[in-house]
Amino acid sequence: MTTPSRHSPYSASSPGADPAAAPPPGCPAHQSSGFGRDGMRRLYGPEADQDLAGVYEKLRAEHGPVAPALIHNDVRVWAVLGHSENLHMVRTPSQYTRDSRVWSAVRDGTAGPDHPLAPVFSWQPMASFVEGAEHQRLRGAVTGAMAGLDHRGIRRHINRYSNKLLNDICETGEADLVSQFAEHLPMMVMLHVLGMPEDYSERMVQAARDMIKGTETAIASNAYVMEALTRHVVRRRAQPEEDFTSALIAQPAQLTDDEVAAHLRLVLIAAYEATANLIANVLRMVLTDPRFRAQLSGGQMTVPEAVEQSLWDEPPFSAMVGYFAKQDTQLGGQQIKAGDGLLLGIQPGNVDPVVRPDLSANMQGNRSHLAFSGGPHECPGQDIGRAIADTGVDALLMRLPDVELRVDERELSWRSSILSRHLVALPVQFGKRPPQDVTARPMSHVPTPRKHWEVTSPAPRPEVPAQAPQPVAPAAPAAEPAAAPVRRKGTWRRFLEWWRGY
């Protein structure tokens, strides 16, 4: 590893590359190259789309745990790659803020409202972009509304939605578990939690995925989602019901309609994108790694433990834009200037060789990954995301125990952006099965008790002291054989039913 650079990405020079060797801004070679102005590496474009993790490792080798890089429109940021450096950044609000209004690129218009990632970093009246007393007011409202959710009831709905989706594919014997399961289950559940299941549609699913990709249509997709959420807030303000939206409106913080809609967007999109990717990643590991599946089948690993392993190896969000320096400071050996932007490097932080020298090591029981960030802005809805993934994957493996990949593992492909990397498709095959009643409780039909029992060995008879012979009483008429008692459910079956919300 080379000596970390001390130069700011906002300066005219860049370490590790010859500025004269980089194509001049504006020419076709410049736009298609993995390097931008001043020879800095791009975190977008063909090379990054093909292997963003590889770009991060090149940056780590060239600059250390904090590296200068470029996001869309060649806007300069610091890519934070080290595990401890990321934790320091998110846990030190005195030095770093989520308020993008202090970002020099926003102030000079370089990262304006038309920037492809504007829906992600533009300041909005919600907890993710404020701090201090205002952060406590807004985040307190969100956590207060979440505290009132019926989590067992949510698990019951997750199980029913899972089986509803599985009913749509079980008779065909084959399916794409990304487009027919992983992308739809989180949206169905989250819209139910928000109290707007009628807004579930393919258009909502695709808009939610598109708005964080930095595409040309991201801003329009964001507008579509916000329009639906704003309509819902107006409905619930007039007619509250038992859902997250009504609970958020009723919080003592007295959020405005704009604040409520902004926080619904935060909860919906963060939970949806993260959970859709998480489900797809866990299922891919189960289907492609025989050891992983054997551990699950043999009981050495539970589905929740498999989910945690996936959060280390393939975090649903690979990075987040962003954090912004409130003052001149140092991080990872780099001089950070006030107004600099920083990228929360979730994926590179999770594979930091300082904390994971052996990437093949099992991480069961270790929740120190960066998948849900940390500090004051740690994801407040992570438990809902875990519940959707745990219950959904468990339901699928219970219904389709013989599911297997339909193509060679090498044929699988991913679509990447700065923020996330998700599987394009996961084609599988399995034995055809009839649909199930999604409203029925599991194991609700107890088999009829058997009337004839065969006992292979008699139970041991207790020893009794010898007594004097007693007169023999007349034999009583033979009684009808008593019905055998119904066997009680075992501890494991009762636990599974409780875990799924029954």
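Ser221 counts as buried because its relative accessibility is 12% (buried is under 20% relative accessible area, exposed over 50%, partly exposed in between, with a 1.4 Å probe and protein chains only). The model is predicted: local features need pLDDT of at least 70, side-chain atom pairs count only at pLDDT 80 or more, and totals for chains, interfaces and linings use all residues. Residues are numbered from 1 along each chain as its sequence is written, and side-chain values use heavy atoms, with hydrogens and water left out.

**Around Ser221**

Ser221 sits in helix H11 (residues 218–238). Helices (H or I, at least four residues) and strands (E, at least two) are DSSP runs, numbered from the N terminus. Ser221 contacts Ala207, Asp210 and Met211, leaving aside neighbours within four places in sequence. Contact means heavy atoms within 4.5 Å. Ala208 lies 13 residues from Ser221 in sequence, and the C-alpha atoms are 7.1 Å apart.

The axes of helix H10 (residues 202–210) and H11 come within 8 Å and cross at roughly 130 degrees. That makes H10 oblique to H11. Angles under 35 degrees count as roughly parallel, over 145 as roughly antiparallel, 65 to 115 as roughly perpendicular and the rest as oblique. Axes are lines fitted to C-alpha atoms, for helices over the stretch in contact, and angles run from 0 to 180 degrees between N-to-C directions. On the H10 side, Arg203, Met204, Ala207, Ala208 and Asp210 take part; they meet Ala218, Ser221, Tyr224, Val225 and Ala228 of H11.

**The sheet and its helices**

Five strands build an open, mixed sheet, ordered S1-S2-S8-S5-S3. Strands S1 (66–71) and S3 (96–97) are the edges, each pairing on one side only. Two strands pair if DSSP finds at least two bridges between them. S5 (residues 319–325) and S8 (residues 341–345) pair antiparallel over five bridges. Ala319 has Gly345 in S8 as its bridge partner.

| Helix | Strands | Angle |
|---|---|---|
| H2 (residues 46–63) | S1, S2, S5, S8 | about 135 degrees to S1 |
| H3 (residues 83–90) | S1, S2, S3, S5, S8 | about 125 degrees with S8 |

**The core**

The largest nonpolar core holds 126 residues. Such a core is a set of buried Ala, Val, Leu, Ile, Met, Phe, Trp, Tyr and Cys residues joined through side-chain atoms within 4.5 Å. Leu43, Phe244, Leu342 and Leu426 have the most contacts inside it. Helix H13 (residues 257–288) gives the most to this core, with 18 residues. Not counting residues up to four places away in sequence, Leu43 touches residues including Ala48, Leu52, Leu70, Leu343 and Ile418.
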